[in-house]
Amino acid sequence: MKVLVPVKRVIDANVKPRVKADGSGVELTNVKMAMNPFCEIAVEEAIRMKEAGKVEEIVAVSIGPDKAQETLRTALAMGADRAILVKTDDAVEPLDVAKILKGVADEEKPEIVILGKQAIDDDSNQTGQMLAALLGWSQGTFASDVELSDGKAKVTREVDGGLQVVELKLPAIVTTDLRLNEPRYASLPNIMKAKKKPLDAKTPGDYGVEVKARLNVLKTEEPAGRKAGIKVGSVAELVDKLKNEAGVL
Amino acid sequence: MAILLVAEHDNETLSDQTAKALSAASQIGSDVDVLVAGKGAKAAADAAAKLAGVRKVLLAESDALAERLAEPLADLVVSLAGDYDTFVAPATTTGKNVMPRVAALLDVMQVSDIVEVVDAKTFKRPIYAGNAIQTVESTDDKRVITVRTATFQAAAEGGSAAVETIDAPAASDLSSFVENRIAESDRPELTSARVIISGGRALGSEEKFNEVILPVADKLGAAVGASRAAVDAGYAPNDWQVGQTGKVVAPELYIACGISGAIQHLAGMKDSKVIVAINKDEEAPIFQVADYGLVADLFDVLPELEKAL
Ligand SMILES: Cc1cc2nc3c(=O)[nH]c(=O)nc-3n(C[C@H](O)[C@H](O)[C@H](O)COP(=O)(O)OP(=O)(O)OC[C@H]3O[C@@H](n4cnc5c(N)ncnc54)[C@H](O)[C@@H]3O)c2cc1C
Ligand SMILES: Nc1ncnc2c1ncn2[C@@H]1O[C@H](COP(=O)(O)O)[C@@H](O)[C@H]1O
């Protein structure tokens, strides 16, 4: 069976994003970029399925600028077999990403698509669910465990009160939560090998999608700041301040 | 046109996240209907009918809806779409699971996690783990919205809306429910607690976590939270995680113990009214957002705090 893994190129999770002074967005020039952490977990899960003999081929796909090739090469170095770059310099909203991915899925016919539960730039948490809707497939979001067996996937989901287990008919969509696995680092030999793995270039138009934003971004601003308060010297002082100054005890 | 609010409940009780999302919905427009989808959920529907500002409650019950799986619930919402132009749900794991599916079926781009209603089509929402706030205007004919409830007050009681029973669409065979592993707890829920005490990697083990954090929580009547590091290490269950990818909370008092203050953790708690940080490293970033910082070993001061309360 084949797995499709959409991966997004985002600001590295360890970098603190800066809002541009003119309010037009977040500064992206000369900022370290990396694969979205949840997508790394998705790639890792696909590789583990392949290592367990349940999956034959892993196809990574990214929608974005030329530079998103780097992200795809990372996926290939981790262990994906081939990659597709759907090239666009426009900002693509989850709905259009999902439409493009539907086009890819219609062509590739994977039995499972594993996405990150959210991209840490837009924090949308939408694409997987939207793709499931467009394909008419089942969805197992926020997965912390996935078990594949004859035509089904048993997915343990991290939900507000604890865990929920659902069984999905394949083909299905899975989105990853943090504790699904710990992604491996690509080894140097694998990074070299990845350079020779196939990477196809496509455009949104190849899938009949015209990228068009539905949300007008009017402004991007810094959140209301919070100032450091005071240091207290003892538990007694802390309790006194909370009672008599803050009034929260 | 009207607004449909998808209620958060567990069939028996209505979550106060519904009342908070109702406040956001009421700022968007005045004709708000609440959809209670479940099984044996009459009590939750009656509770929704009592909230001030609800026009009517729609109650849909079936086996397929009992656990509010995304596939049947999205189909149900879409079947009602003709009567509404705005669809709202709290940004709980249920809301996040279902609403994007609804949005795609309606060919609408969802606005996730709104923290402010500017007007009926314009909203503020955090991006980059709350490091920036975006103001976005939806240009779609219909709008699908999830609400970050920590920033909205719960709507008061005082309503007396009618509860109307509606048909549930036929079950889909795409997915089925296996089980819930939900911890029973007498503590308040993280998202509605007045006081939260959270522990981080410094706790070192589940035993220590329980030994030093829980007694203070009991004294304070507090909910218990955790950093991702503490959850990953198995010191605390996943549903205690506070942060960008866990729960977003805004209690009156948040006490962070042995938590360094990574941006992803701050994203979940920096809107708390009063923040206390206990950390033995005086350079820890958590102190930059703390109103009261105590530079100390938590294993010394937490037992002391418990006695002092
Ligand atoms: C995509 C992504 C999403 C994430 N989402 C979240 C999220 O939702 N929530 C979250 O919390 N994190 C999240 N993280 C992880 C986050 O980046 C940090 O790694 C995590 O918050 C660190 O947890 P910590 O503060 O407990 O551990 P550490 O950073 O290791 O800090 C431990 C602290 O304890 C202090 N300490 C040690 N011993 C003692 C003692 N005896 N007494 C007092 N203080 C002591 C230390 O000085 C230190 O400051 C995410 C990361 C990524 C990449
Ligand atoms: N431009 C993109 N290219 C490839 N995958 C994407 C893209 N945008 C989103 N995704 C996938 O959708 C997931 C959730 O993203 P989002 O809905 O934007 O939070 C990501 O973790 C990716 O797996």
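**Note on the predicted model: ligand sites, helix packing and backbone**

1. An oxygen atom of ligand 2 sits 2.8 Å from a polar backbone atom of A:N125. The model is a predicted one. The neighbouring entry to check is A:Q126, where a backbone N or O atom lies 2.9 Å from an oxygen atom of ligand 2. A:P6 also takes part: one of its polar backbone atoms is 2.8 Å from an oxygen atom of ligand 2.

2. Which residues come nearest to ligand 2? There are 19 residues around this ligand, and A:P6, A:I63, A:A119, A:N125 and A:T127 come nearest. A:T127 is also listed in a helix contact, as one of the residues of helix 4 of chain A that meet helix 3 of chain A.

3. Helices 3 and 4 of chain A. Helix 3 covers residues 94-108 and helix 4 covers residues 127-135. Their axes come within 8 Å and cross at roughly 50°. The two helices of chain A are therefore oblique to each other. Helix 3 of chain A passes helix 4 of chain A in a right-handed crossing. From helix 3 of chain A, the contact uses A:P94, A:L95, A:V97, A:A98, A:K99, A:L101, A:K102, A:A105 and A:D106. From helix 4 of chain A come A:T127, A:M130, A:L131, A:L134 and A:L135. By class, the contact residues of these two helices are 10 nonpolar, 1 polar and 3 charged.

4. Ligand 1, a shared site. Ligand 1 is surrounded by 30 residues. The closest are B:R201, B:S227, B:V242, B:S260 and B:Q264. Why is the site shared between chains? Residues from chains A and B surround ligand 1, so the site belongs to both chains.

5. Polar contacts of ligand 1. An N or O atom in the side chain of B:H265 is 2.8 Å from an oxygen atom of ligand 1. A polar side-chain atom of B:N279 lies 2.8 Å from an oxygen atom of ligand 1.

6. Helices 5 and 8 of chain B. Helix 5 spans residues 206-220 and helix 8 spans residues 298-308. Their axes come within 9 Å and cross at roughly 30°. That angle makes helix 5 of chain B roughly parallel to helix 8 of chain B. The crossing of these helices is left-handed. Helix 5 of chain B contributes B:K208, B:V212, B:I213, B:P215, B:V216 and B:K219. Helix 8 of chain B contributes B:L298, B:F299, B:L302, B:L305, B:E306 and B:K307. This contact divides into 8 nonpolar, no polar and 4 charged residues.

7. Backbone points. Most residues other than glycine have a negative phi, and most peptide bonds are trans. Two places deserve a look. A:L170 and A:P171 are joined by a cis peptide bond, with omega about 0°. A:P171 is in the loop between strand 9 (162-169) and strand 10 (172-176) of chain A. B:R68 is a residue other than glycine, and its phi is positive, near 50°. B:R68 lies in the loop between strand 3 (54-61) and helix 3 (70-79) of chain B.

Conventions: Residues are numbered from 1 along each chain as its sequence is written. Chains are lettered from A and ligands numbered from 1 in the order in which they are written. This is a predicted model: local features need pLDDT of at least 70, side-chain atom pairs count only at pLDDT 80 or more; totals for chains, interfaces and linings use all residues. Side-chain values use heavy atoms; hydrogens and water are left out. Axes are lines fitted to C-alpha atoms, for helices over the stretch in contact, and angles run from 0 to 180 degrees between N-to-C directions. Helices (H or I, at least four residues) and strands (E, at least two) are DSSP runs, numbered from the N terminus. Angles under 35 degrees count as roughly parallel, over 145 as roughly antiparallel, 65 to 115 as roughly perpendicular and the rest as oblique. A crossing is left-handed if the near helix is turned anticlockwise from the far one by less than a right angle, and right-handed if clockwise. Contact means heavy atoms within 4.5 Å. Ala, Val, Leu, Ile, Met, Phe, Trp, Tyr, Cys and Pro count as nonpolar, Asp, Glu, Lys and Arg as charged, and the others, Gly among them, as polar. A residue is near a molecule or strand if one of its heavy atoms lies within 4 Å of it. A polar contact is a pair of N or O atoms within 3.5 Å; within protein, one must be able to donate a hydrogen and the other to accept it, and residues adjacent in sequence count only if both atoms are side-chain atoms.
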